[in-house]
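Me: I've got a new structure open and I'd like to get to know it piece by piece. Can we go through it with some quick questions?

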Amino acid sequence: YEELLTFQHQMQTVSHIAAGVAHELRNPLSVIKGFLQLSHLTCDFQKYYNTIISELNRMNIIIEDFLSVSRKKNTRKWQSPANLIQSLTELMKAECLLHSVELQVQFDKTPSICHINESMFKQVMLNLLRNAIEAFDEETSYRYLKVHSKEIGEFVHIELIDNGKGMPKEVLNQLGRPFFTTKDKGTGVGIPLCKKIVEDHGGQFEVSSETNVGTNVKIIFPLLL
Ligand code: ADP
Ligand code: MG
């Protein structure tokens, strides 16, 4: 219970994450600045070019994972998550095709209506999509990502099921901790942000996973009744 309390405390505001993101951005910025000054002094730009580009790329990844949400207006509309997913499928399909992942989207026939901030919802879906794509080992030849949406009681359940490498218990236990990442170029911002957004919508965010089997991320939103 105590653990749950500290966890909720960590999750209480995005500002905690935002502060960390600002910090994370300052590091590459100062590297870039230093290398530009060096290249100016030494008249050898070539030598520092790769570092500057890779630091810029890193900043871009951090911004994609987080900042694009906080920039947008915070308005919610009554709309169907299935329609929102539909509007993302072209983008998701392209992304999946690029990584040899089969995308299987499946909805209920009647669209469920929830109170959703569109840009935040999209941010959640894209973060989860990216995590799924990054979860595949080179050796996995048949890769799939299933996106299922269905009504259960007073909620709509959206599931993202991948057959990637899954997570061991140690990773699952730490999931949701800001800046927790197992990736070389990870930010650890995606999952905490998704969880925060879903919970701000009065919903629930659940993850189950098994090593070498795959991961099932479930986001649950309350329905318009
Ligand atoms: P990042 O993707 O930058 O590492 P996230 O917060 O998005 O940060 O994810 C945190 C960690 O959770 C990842 O580093 C990874 O270990 C694990 N993870 C998230 N989604 C999946 C998934 N679909 N399959 C396997 N592991 C995952
Ligand atoms: Mg991620």
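Me: How many of the 11 residues of α7 are buried?
Reply: Two terms first: helices (H or I, at least four residues) and strands (E, at least two) are DSSP runs, numbered from the N terminus. A residue is buried if 20 or more other C-beta atoms lie within 10 Å of its own, exposed if 12 or fewer, and partly exposed in between, with C-beta atoms placed from the backbone. Helix α7 is mostly covered, and its count of buried residues is 9.

Me: Good start! What kind of model are we looking at?
Reply: Residues are numbered from 1 along each chain as its sequence is written, while chains are lettered from A and ligands numbered from 1 in the order in which they are written. Local features need pLDDT of at least 70, side-chain atom pairs count only at pLDDT 80 or more, and totals for chains, interfaces and linings use all residues, as the model is predicted.

Me: What share of the 225 residues in the protein chain is buried?
Reply: The chain has 7 helices and 7 strands, in the order α-α-α-β-α-β-β-α-β-β-α-α-β-β from the N terminus on. Of its 225 residues, the buried ones make up 27%.

Me: Back to α7. Which residues is Cys194 in contact with, leaving aside its neighbours within four places in sequence?
Reply: Cys194 is one of the buried residues of α7, along with others including Ile191 and Ile197. Contact here means that the C-beta atoms of two residues, placed from the backbone, lie within 7 Å. Once neighbours within four places are set aside, the partners of Cys194 are Val124, Asn127, Leu128 and Phe205.

Me: How far does α5 reach from its first C-alpha to its last?
Reply: Helix α5 covers residues 118-134, and its buried residues include Met120, Val124 and Leu128. The expected span of a helix is 1.5 Å times one less than its number of residues. For the 17 residues of α5 that gives 24 Å, and the reach in the model is close to it, at 24 Å.

Me: Which class has 11 residues in the shell around ligand 1?
Reply: 21 residues surround ligand 1, with Ala135, Thr181, Gly186, Gly190 and Ile191 the closest; to count as near, a residue needs its C-beta atom, placed from the backbone, within 6 Å of the molecule. Helices α5 and α7 each supply at least two residues of this shell, and the largest share, 3 residues, comes from α5. Ala, Val, Leu, Ile, Met, Phe, Trp, Tyr, Cys and Pro count as nonpolar, Asp, Glu, Lys and Arg as charged, and the others, Gly among them, as polar. The shell has 8 nonpolar and 2 charged residues, and the class with 11 is polar.

Me: On to the strands. How many bridges join β5 to β7?
Reply: Two strands pair if DSSP finds at least two bridges between them. Strand β6 (residues 204-210) runs antiparallel to β7, with 7 bridges joining them. Strand β5 (residues 155-162) is antiparallel to β7 (residues 214-222) as well, Ile161 stands opposite Asn216, and the number of bridges is 8.

Me: Which residue takes a positive phi near 65° in the hairpin of β6 and β7?
Reply: In this pair, Glu210 stands opposite Gly214. The hairpin has 3 residues between the strands, and the one with that phi is Asn212.

Me: Is Lys77 buried or exposed?
Reply: Lys77 lies in strand β1 (residues 77-79). Apart from its neighbours within four places in sequence, Lys77 is in contact with Ile116 and Glu118. Because Lys77 has 10 other C-beta atoms within 10 Å, it counts as exposed.

Me: Last one: what is the phi of Cys43 near?
Reply: Cys43 sits in the loop between α2 (14-42) and α3 (45-71). With 8 C-beta neighbours inside 10 Å, Cys43 counts as exposed. Its phi is positive, in a residue other than glycine, and is near 55°.
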